[in-house]
Amino acid sequence: MRKLVSSLLLATASTALAQTSASAVPDVTNSPAAQAVLSLDHWRETRVATYMNDFGELSHYAKANAELPAPATGENRVIFFGDSITDEWNLDT
């Protein structure tokens, strides 16, 4: 009996869904939320190579480090170790 009731409910629901016109479903492809998802997906796609080849982005400063001269005698240097917040500090000024 349960199978019969389930089958009838399923048939009724699928018939009701089939009768819904396409115009009754709002087009949300240009909504801000949809654009945000597409933008996020695009950003993720641009990061694939970095995550696959240098996950921790350890080579991010490799060129700058290579160009840095050896410290002068008696020169003290500071190393800043952190995350993107530290990276955004304008240390040159």
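Helices here are DSSP runs of H or I with at least four residues, strands are E runs of at least two, and both are numbered from the N terminus. With that in hand, the protein reads α-α-α-α along its sequence, with 4 helices and 0 strands.

This is a predicted model, where local features need pLDDT of at least 70, side-chain atom pairs count only at pLDDT 80 or more, and totals for chains, interfaces and linings use all residues. Residues are numbered from 1 along each chain as its sequence is written, and side-chain values use heavy atoms, leaving out hydrogens and water.

The protein averages 76, and 73% of its residues reach 70 or more.

| Helix | Residues | Mean pLDDT |
|---|---|---|
| H1 (lowest) | 2-19 | 54 |
| H3 (highest) | 62-67 | 90 |

Now for helix H2, residues 32-53. Its 22 residues reach 33 Å from first C-alpha to last, close to the 32 Å expected at 1.5 Å a residue (1.5 Å times one less than the number of residues). H2 also bends by about 40 degrees at arginine 47, the bend being the angle between axes fitted to the seven residues ending there and the seven starting there.

Finally, burial. Buried residues make up 3% of the 93 in the protein; buried means under 20% relative accessible area, exposed over 50%, and partly exposed in between, with a 1.4 Å probe and protein chains only. Leucine 91, in the segment after helix H4 (84-87), is partly exposed because its relative accessible area is 47%.

How values were computed:
pLDDT is the predictor's confidence in each residue, from 0 to 100.
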